[in-house]
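Please examine the sequence and the structure shown here, and read the report that follows beside them.

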Amino acid sequence: MTEQHEPCLICERVRVWRSGQNPYFIHEFEHSIFVIGDHQFHRGYSLILLKTHIRELHELPPPIQSALFQEVMLAGQAIVNAFSPWKMNYACYGNSEPHIHWHLFPRYESDGDRQGVPWLHASEFKHHLITPQTAQNLGQKVREHLSLLITR
């Protein structure tokens, strides 16, 4: 496990979730939480946040690596079922926030640059921020589809 030396935005998001005050929350998995993204430039954009502060995927024990991957795949399938995108993009970098997290970007046929990387318009994301109420509504839509996958 990587020692944490400076404030971590993702740890803060997890802390807010643990206090029951995160309106972006969709679902708790064993190793992660699933949340709607703060912006919706790509409708349905969501994240998987590892519950513990670990910087690198290779620092996870292999069983947790596998379990986390399954959590990401369940989240992605729930987004697909909820929003019917043309394609799903998954990204796990950690360069800006060195805490394991996955970005789940639904891409739509109507996206003018659907074959480009989702970050092409990162400067515009701030213009697509959503309210806590919108986050709760989107989260509920995804949660309904996720619950059908989990009960299979």
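Cysteine 8 is buried, with a relative accessible area of 8%, where buried means under 20%, exposed over 50% and partly exposed in between, with a 1.4 Å probe and protein chains only. The structure holds zero disulfides, a disulfide being a pair of cysteine sulfur atoms within 2.5 Å. Cysteine 8 is accordingly in no disulfide, and its nearest cysteine sulfur, that of cysteine 11, is 3.6 Å away, which is too far for a bond.

This is a predicted model, in which local features need pLDDT of at least 70 and side-chain atom pairs count only at pLDDT 80 or more, whereas totals for chains, interfaces and linings use all residues. Residues are numbered from 1 along each chain as its sequence is written, and side-chain values use heavy atoms, with hydrogens and water left out.

Five strands form an open sheet in the order β1-β2-β3-β5-β4, with antiparallel pairing; strands are DSSP runs (E, at least two residues) and helices likewise (H or I, at least four), numbered from the N terminus, and two strands pair if DSSP finds at least two bridges between them. The edge strands, each pairing on one side only, are tabulated here.

| Edge strand | Residues |
|---|---|
| β1 | 25-28 |
| β4 | 87-91 |

β4 pairs with β5 (residues 101-107) in the antiparallel sense over five bridges, and the bridge partner of methionine 88 is proline 106 in β5. Helix α2 (residues 62-83) packs on the sheet and touches β2 (32-36), β3 (46-50), β4 and β5, contact meaning heavy atoms within 4.5 Å.

Technical notes:
Axes are lines fitted to C-alpha atoms, for helices over the stretch in contact, and angles run from 0 to 180 degrees between N-to-C directions.
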